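Take a look at the model below. This report walks through some of its helices, strands and loops.

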Amino acid sequence: FADDVLPRIAAGGYNTVQLMAVMEHAYYGSFGYHVTSPFAVSSRCGTPEDLKYLVDRAHGLGIRVLLDIIHSHASCNVEDGIAGYDFGQHTSESYFGEGDAGYHWLWDSRLYNYDNWEVQRYLLSNLRYWVDEYGFDGFRFDGVTSMLYHHHGLQMDFTGDYGEYFGLDTNVGAVNYLMLANDMLHSLYPDVEVIAEDVSGMPTLCRPVKEGGVGFDSRLAMSIPDLWVKLLKSSRDLAVPDEKWSMHDMVTSLCNRRYTEKCVGYAESHDQSIVGDKTMAFWLMDAEMYDGMSTFLPATEGVARGMALHKMLRLITMAIGGEGYLTFMGNEFGHPEWVDFPREGNKWSHEHCRRQWNLVDTEYLRYSQLGAFDRAMMTLDKEWEFLSSPHQCVSAACDMRKIVVAERGPLLFVFNFHPTQTYEGLDVGVGMPGKYRVALDTDAFDFGGPGRVGHDADHFTSPAGPDTWVGPYKQDARPCGMKVKSPSRSAQVYFRVEEKVVTGGRPVEAAKVVESPAMISNRLASGDVERRLV
C-alpha cells in the first residue's frame with residue numbers, strides 16, 4: 001500500500017487518506033470494527049514499523065493520514081480482548097457498562113463506561129499513542145451517534161427537534177469524553193483533524209469546546225450516500241424514473257447541514273462497497289460493467305446513462321454537499337466489484353479483498369475516463385479552492401426542467417439532469433458580471449461524453465439575472481444573467497475571466513490557467529490539507 005497505492009492517491013489529487021481496520025481485531029469479517037486491542041496494530045497488515053513507514057511515505061507525498069478510531073464499542077472477546085479485563089467488579093470500576101448499558105445488541109459488542117475515569121484515561125492515552133508513536137494527523141471517530149445517546153440511534157428517526165438531542169436519552173458521560181478528547185487533541189496538536197461519524201445531526205457537535213461545543217472539526221454528511229442509493233434504487237425499479245427526480249429534494253438533502261458546522265460530503269460510503277450492497281456504478285450499470293466498458297464499441301444506453309450520472313452525482317456532491325469531499329478507494333473510477341474480507345460465509349476467500357487498478361490503467365476502458373474526471377474535479381478545487389469558500393448559493397432547482405444552478409466560491413455550476421432535453425441559451429443567474437468560460441465539463445470527450453459543449457466559447461453576462469425558483473420557493477434574482485448551452489444529463493462549471501487594463505488602455509485577459517484534461521491526468525496534486533480524502 002505504501003509504495004504502490006499512496007502514489008496513486010497523490011496523483012489523483014487527494015491530500016488526505018483515512019485508514020480503516022488498523023486497530024487489532026480478531027474477526028476479519030468485522031471489517032476492523034470489533035476491536036480487541038486498541039493499542040495494537042493489526043498483524044494482518046504488517047508490523048508497527050511497516051505502519052510507521054506508510055505514514056512517513058504519505059507525508060513525503062504531501063498526504064495527511066487519519067486513523068479510523070473505534071472508541072464507540074469493543075469486541076465481546078474475553079480471551080484476547082479488552083472485554084476480558086472486567087471480572088464482575090462494580091460498575092464504577094468496570095471498563096464497560098452493565099446490562100443494556102454495556103452491550104450493543106445490533107453490533108454484538110461491548111460498550112464503554114465513559115463515566116469511569118480510568119476508561120477516560122485509557123481512551124485519551126490511546127489517542128495520544130497513535131499520534132505520538134505513529135505520526136497520525138488526526139482521527140475519524142467511528143460510531144459517534146451510538147456514543148451520544150443511550151438508545152445508540154437505533155430504531156430512531158431524527159427530525160431535528162432539539163428534544164431529541166438534549167434530554168434524558170443523551171449519554172452525558174460519552175459527550176463529556178468526546179469534549180475531553182477533542183480539547184486535548186486540539187491543545188496538544190494544533191494541526192490535528194478530527195471528524196465525527198454522526199447521523200443524528202447533534203447541534204454544536206462541530207463547534208469548539210471553548211464555545212460549549214463537542215469540538216469536532218467536521219462531521220460526515222451521512223445522508224448524502226443514502227439519498228443517492230434511494231434514488232438510484234427507485235430509478236432502477238421504475239418507481240421514480242429519471243424524469244421524475246426532484247431537484248428540490250436533491251438540493252435540500254445536499255445542503256442540509258448546520259450553519260458554521262463543517263461537513264465532509266461523499267457520494268457513496270464504504271458500506272456500499274461491502275458484499276450484499278452495491279456501489280453507485282453498479283446501481284447505475286449493473287452487469288454491463290463487465291462487458292460494456294470498452295471504448296472500441298459504442299456505449300449502450302445503460303452504460304451512457306451510467307457514465308453520465310456517475311460523474312454528475314459526484315460533482316454535485318462535491319459542489320454543494322459540504323466543506324470537504326471523501327471517496328472510498330476505487331469508487332472514483334467506478335470499481336465494478338464489492339469488497340469482501342475472508343469470513344466463514346465466503347469460505348475464507350481473499351478473492352474480493354482487492355481493488356483492480358488495472359481497470360483504470362487501461363486506456364481503452366471507460367473506467368479510465370471516470371478516473372480522469374475524478375482527477376479533474378480534484379484539480380478544479382486546487383485551482384479555485386471552492387470547497388473552502390464560504391460563498392455557496394443555489395439559485396435554481398427546477399423540477400420541471402431538471403436544472404440545478406449553484407455558485408460555490410468563484411465558480412458557477414450548471415446541472416441538467418433531464419434524460420433527453422438539451423437547452424440552448426439557458427438563462428442562468430450569476431453573482432459577478434464579466435466574461436465566463438468552461439472550467440470543467442462532464443460531457444467532454446476525454447471523460448467519455450459526446451462533447452456537446454464548446455470549451456473555447458466566451459459567455460458574457462447581462463444586467464439582472466432571470467427569475468428563478470428552488471422548488472416552490474422564488475429566489476431573489478442574481479445581479480447578472482448569462483446564457484449557456486446545457487446538454488441533457490451533463491454538468492458544466494464556469495469560471496470568470498478576470499480582466500485588467502494595461503498601459504495604453506487596452507484590456508488584457510488575466511484568467512487563471514485551467515489545465516486541459518490531458519494535463520490534469522498527469523499531474524500530482526496537493527493542496528488545502530483538510531479538503532479531499534480517500
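Val303, Met307, His310, Lys311, Arg314, Leu315 and Met318 in helix α10 meet a set of residues in helix α12. On the α12 side, the partners are Arg366, Gln369, Leu370, Phe373, Asp374, Met377, Met378 and Asp381. Sorted by class, this contact has 8 nonpolar, 2 polar and 5 charged residues. Keep in mind that the model is predicted.

**How the helices pack**

Two packed helices are described by the angle between their axes and the distance between the axes. Helix α10 spans residues 301-320, and helix α12 spans residues 366-384. Their packing angle is about 20 degrees, and their axes lie 11 Å apart. Angles under 35 degrees count as roughly parallel, so α10 is roughly parallel to α12. The crossing of α10 and α12 is right-handed.

Helix α10 has another neighbour. Helix α7 (residues 247-254) packs against α10 at an angle of about 50 degrees, with the axes 10 Å apart. That angle makes α7 oblique to α10. Here too the crossing is right-handed. From α7, Met250, Val251 and Leu254 make the contact. From α10, the residues are Ile316, Thr317 and Ile320. This contact has 5 nonpolar residues, 1 polar residue and no charged ones.

Now turn to strand β8, residues 193-196. Are its faces covered or open? Both are covered. Glu193 and Ile195 are buried on one side, and Val194 and Ala196 are buried on the other.

Strand β8 pairs with β7 (residues 138-141) in the parallel sense, over 4 bridges. In that pairing, arginine 140 stands opposite isoleucine 195 of β8. Strand β8 also pairs in the parallel sense with β9 (residues 218-220), over 2 bridges. There, isoleucine 195 stands opposite serine 218.

Leu411, Phe413 and Phe415 lie on one side. Leu412, Val414 and Asn416 lie on the other.

Strand β13 (residues 403-408) runs antiparallel to β14, and 6 bridges join them. The hairpin of β13 and β14 has 2 residues between the strands. In this hairpin, glycine 409 takes a positive phi near 60 degrees.

Strand β14 is also joined to β22 by 6 bridges, again antiparallel. Phenylalanine 415 has alanine 491 of β22 as its bridge partner.

**An open sheet**

An open sheet of 3 strands has the order β15-β21-β18, with antiparallel pairing. Which strands sit at the edges? They are β15 (423-430) and β18 (462-463), and each pairs on one side only. Between β18 and β21 there are 2 bridges. Proline 463 stands opposite cysteine 480 of β21.

Serine 488 is in the loop between β21 (480-486) and β22 (490-497). Is serine 488 buried or exposed? The cut-off for buried is under 20% relative accessible area. Serine 488 has 8% relative accessibility, so it counts as buried. Leaving out residues up to four places away in sequence, serine 488 touches Asn416, His418, Pro419, Thr420, Gln421, Thr422 and Arg452. One of these, Asn416, belongs to β14. The C-alpha atoms of serine 488 and leucine 185 are separated by 48 Å, and the two residues are 303 residues apart along the chain.

Two other loop residues have a positive phi. Lysine 347 has a phi near 60 degrees, and it is a residue other than glycine. Its place is in the loop between β11 (324-326) and α11 (357-361). Alanine 464, also a residue other than glycine, has a phi near 70 degrees. Its loop lies between β18 and β19 (469-470).

| Residue | Relative accessibility | Class |
|---|---|---|
| Serine 488 | 8% | Buried |
| Lysine 347 | 75% | Exposed |
| Alanine 464 | 52% | Exposed |

Exposed means over 50%. Lysine 347 is exposed because its relative accessible area is 75%. Alanine 464 counts as exposed because its relative accessibility is 52%.

How values were computed. Residues numbered from 1 in each chain as written. Predicted model: local features only at pLDDT ≥ 70, side-chain atom pairs only at ≥ 80, totals over all residues. Heavy atoms only, no water. Axes fitted to C-alpha atoms, helices over the stretch in contact; angles between N-to-C directions. Parallel < 35°, antiparallel > 145°, perpendicular 65-115°, else oblique. Left-handed = near helix turned anticlockwise from the far one by under 90°. Contact = heavy atoms within 4.5 Å. Nonpolar A, V, L, I, M, F, W, Y, C, P; charged D, E, K, R; others polar. Buried < 20%, exposed > 50% of the residue type's maximum accessible area, 1.4 Å probe, protein only. Pairing = 2+ DSSP bridges.
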